[in-house]
Every structure is written in structure tokens, then in C-alpha cells.
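This report looks at disulfides. Please view the sequence and the structure before reading on.

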Amino acid sequence: MTCGVCRQQASRPQNDPYCQAPAVPFCPAGHPPNTMPKFNATDTLYVYSLKAPILELQLGDRLAKYNVLHDAIGFHHVQSGLNFTLEWHAIGQLLNGTFPHELDNQSLVWCNQGAACVSDGIDEKRWNADSTPVKVAELNGTTFNLFANWTEMDNNTNVFYQTWTVREEPGGKMWFDSCDASLWVQRAFAAMAESGASFNHSVHLNYTKIYLYSKTAPVLLGNADIFTDKKKVDIATEIRMFYHRFRPHQSLSDLLKSYVDTYYTIVELGRFILYYNQTYWQLNMTEPYVDVTYEEVSLP
């Protein structure tokens, strides 16, 4: 049984004006949305796997030592020598896509949209983790143009970022799958293969996964209507209290208290409240509670 996979939308909703990337705006040097390059049918493009440390602006390459990596795809157009990078990530950066913002009126704002970004060049100083860039495939222009159409369609319908993958236990039933950069790259490679690309299966790629473990099926709490339903005041209060612990810009004393409260809630009480597909779910947490893995996934 799987409770959730990332639900496609009919179209991309307008991003809440409140949601702004704190350090760097989304895709600052990228092309406008839905403007993937197109090529002649007989052209040749090389496809590269790219990896860089997660939270590199805040932490540099520290997380690369633990294989906590962000994924993207690089392209080289043989006829022109043009390089470009295609990545998918949270519009408001990772932490803003993982936890909500708590406003002064105690309402929660989720800045969890994700989107594709196409930018010129391949920055090999950035995309150099785990021996990347590494060439994984070759495409002709026809195949790339089909993939470009898929990318634009997907960018308008696959719009929400989700950090967590939730399983019953390590290797057990999956309750929820993530909707992050690594899974997007895997889906993009699959779309290329469906369009006619051939991949080099001598290349082995791993991807970072961040797991939560819930020993029983997640319990549906409801959607945003919880916060206006007088019959669900207790549930609304519990959700607010849970996410209050993850608020940004805490003092050291508040941060330590939040850490203790979070540990007590997840480990001692066995509770985690997950926001997925615009609904809230309660998880019945079990050991090892949270885990970060680096798992091999075969090329299509």
C-alpha cells in the first residue's frame, strides 16, 4: 500500500507572494519558464549526470562528505559546442520547501513549489561531487526535442516539492515517495529513454534519500480546512505546535528547546506530522525514525 505519490496538477498555481528565496532568487541566471532549447533532428547531444552538495550556499561542501547531494542534468550540443544545465528544485530553497512559515496570526504558509531551471553552461566547480560530471547518454535532436516538450509539460503539472520518503521500515512498504531533485532526474532520464535515448549502463549512479519511518499506515488529519473547523481545534493546535519547533531564526536557547521538544515528540511519543499533497498526515514513528541513504538506481 502506498498512501501517496506526488500528485500532478492541472496547471501551476500562482506562487504565494510571501514565498521568497532568502539568499538567492530562484533560477537567477536561467531562461524564462517553458523556453527549453530545440535542435535540428540530426544534431547530437551528450547527457551528463551532475551532483553538488545540498545546502552548499550555507554549508559549502561539508555535506558532500556524507553523500548528501543535489542532482541535475548537463547537456553538450556537439554541433555548436553549447553547454547547458537543467535542474529541478524548491523555488524557495530546500528548508523553505520542507517546513512552513508561521505568520504572526499563527497561520501556516507553505513555500513548497518546485520548478525546473535551464541555465547556460555547466559550472564544473559546482557540479563536481561523486566524480561528476559523468556522461550517461547521447541523444539526437529529435529525441531531445521530445524530451524538451516533456520537461515543459512536467514543469507545469509536477509543481510541489517534497523532501521526505516515508516507509514502514528500512526496505519495507512505502507510504509516501519524495518529490525532490534526485527523483526528478530519475524521471527525466526515464522520459529521455521513452523518447528514444540509449543510456550507458556501465555507469552506476547513486541518489540521496531522506527517510522517515512509520510502523503503521499514516493517519489522514485533513487539509487547510482544519484551521477553520471549530471541531478540529485540537488537531490544528497540534499541527501548529509541531511545526513551530522548525521555525527559522531562533535564538540559541529557543533552538535547544526546539531540539529537545522535537526529539521527545518523534522518539518518545513516536509522532511526526507530514504535509503531503496539500494534506496533513500523522505518522506513527518507529526506529530508526530518520535516515539518510545514498542508494544506487539503475539507468533506464
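The sections below take the disulfides of this predicted model in turn.

## Overview

The structure holds two disulfides. A disulfide is a covalent bond between the sulfur atoms of two cysteines. One joins cysteine 19 to cysteine 111. Cysteine 27 and cysteine 117 form a disulfide as well.

## Cysteine 19 and cysteine 111

The sulfur atoms of cysteine 19 and cysteine 111 are 2.1 Å apart. The torsion about their S-S bond is about -80 degrees, so this disulfide is left-handed. Cysteine 19 sits in the segment before strand S1 (44-53). Cysteine 111 sits in the loop between strand S5 (108-109) and strand S6 (114-120). The pair therefore ties together parts that are 92 residues apart in sequence.

Are these two cysteines buried or exposed? Cysteine 19 has 10% relative accessibility, so it counts as buried. Cysteine 111 has 4%, so it counts as buried too.

## Cysteine 27 and cysteine 117

In the pair of cysteine 27 and cysteine 117, the sulfur atoms are 2.0 Å apart. Which hand does this disulfide have? The S-S torsion is about 80 degrees, so the disulfide is right-handed. The pair links distant parts of the chain, 90 residues apart. Cysteine 27 lies in the segment before S1, and cysteine 117 lies in strand S6.

Cysteine 27 has a relative accessible area of 16% and is buried. The cut-off for buried is under 20%. Cysteine 117, at 4% relative accessibility, also counts as buried.

Definitions and conventions: Residues numbered from 1 in each chain as written. Predicted model: local features only at pLDDT ≥ 70, side-chain atom pairs only at ≥ 80, totals over all residues. Heavy atoms only, no water. Disulfide = S-S within 2.5 Å. Helix = DSSP H or I, 4+ residues; strand = E, 2+ residues; numbered from the N terminus. Buried < 20%, exposed > 50% of the residue type's maximum accessible area, 1.4 Å probe, protein only.
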